[in-house]
Amino acid sequence: MLVDENWYRLFHPKVVSLVTTLNKEGKINAGTFAWLTPLSDSPPILLLAAWYESHTFKNISETKEFVVNITPKQLKKEVQICAKTFPEGVNELEEAGLSWFPSKTVKPPRVKECMAWVECVAREVVKKEEEYSFIIADVKCVEVKEECYRNFMPKKEVLLHLGGKDYSSIKV
Ligand SMILES: Cc1cc2nc3c(=O)[nH]c(=O)nc-3n(C[C@H](O)[C@H](O)[C@H](O)COP(=O)(O)O)c2cc1C
């Protein structure tokens, strides 16, 4: 194969997010995700490439709603905890010592310690067994912490993923 296993790093750095969802029983789940991209600015549509065996993918398939919580540099340790595989029904936010509060348009909560919140409702869930999976979602509500952004550019350090165990951060 002419493709190095780290080829995808050419497309990094990427902003790191915690994606919050609820399972069918209403239990909170949080997973770490970096492969997100807007597909359209207007109407606002977002793509999330979530592995089909993740609880996040399962929950979104079943309940449609999720929140993308943009993480500051200071949450690197917590982000790594939320990337671990916990049994179904475990709230990773509790495991990581993070707190949450209600969203405005969807049932999954926002993470309090994050810099911005993007509330989404899935319109298409795609799963190609053993290969890839992704979710296309309508963005219903976007809010940022005033002290963290100027014109949607980070004025506090936002956590970036370079691939593997490598991270960086940026502020403008
Ligand atoms: C920085 C970072 C970024 C990640 N980005 C993604 C991603 O974009 N898509 C994905 O499927 N998994 C990604 N992962 C792996 C998930 O976090 C991991 O599978 C996690 O267990 C998912 O949680 P869940 O099962 O609670 O949904 C990433 C991990 C890290 C540390």
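Predicted model: local features only at pLDDT ≥ 70, side-chain atom pairs only at ≥ 80, totals over all residues.

Student: OK. Which residues of H1 are buried?
Tutor: His55, Thr56, Phe57, Asn59 and Ile60 are the buried residues of H1.

Student: And what do the buried residues of H1 pack against?
Tutor: Strands: S2 (17–22), S3, S6, S9 (116–128) and S10 (132–144).

Student: Switching to the ligand. How many residues surround it?
Tutor: The ligand is surrounded by 19 residues. Gly31, Trp35, Trp51, Ser54 and Thr56 are the closest.

Student: Which elements give two or more residues to that shell?
Tutor: Strand S3 (28–33), helix H1 (55–63) and helix H2 (76–82) do.

Student: Which one gives the most?
Tutor: S3, with four residues in the shell around the ligand.

Student: How do the residues of the shell divide into nonpolar, polar and charged?
Tutor: Nine are nonpolar, nine are polar and one is charged.

Student: New topic, Lys73. Where is its place?
Tutor: Lys73 is in the loop between strand S6 (65–70) and H2.

Student: Why does Lys73 count as partly exposed?
Tutor: Because 18 other C-beta atoms lie within 10 Å of Lys73, and a residue counts as buried at 20 or more and as exposed at 12 or fewer.

Student: What does Lys73 touch, leaving out residues up to four places away in sequence?
Tutor: Lys73 touches Glu157, Val158, Leu159 and Ser169.

Student: Now the whole protein. How many helices and strands are there?
Tutor: The protein has three helices and 14 strands. Its radius of gyration is 15 Å, close to the 16 Å that the globule rule gives for 172 residues, so the protein is as compact as a globular protein of that length.

Student: What box do the C-alpha atoms fill?
Tutor: Roughly 45 × 40 × 35 Å, taken along the principal axes.

Student: What share of the residues counts as buried?
Tutor: Of the 172 residues, 33% are buried.

Methods: Residues numbered from 1 in each chain as written. Near = placed C-beta within 6 Å. Nonpolar A, V, L, I, M, F, W, Y, C, P; charged D, E, K, R; others polar. Contact = placed C-beta atoms within 7 Å. Rg over C-alpha atoms; globule rule 2.2 N^0.38 Å.
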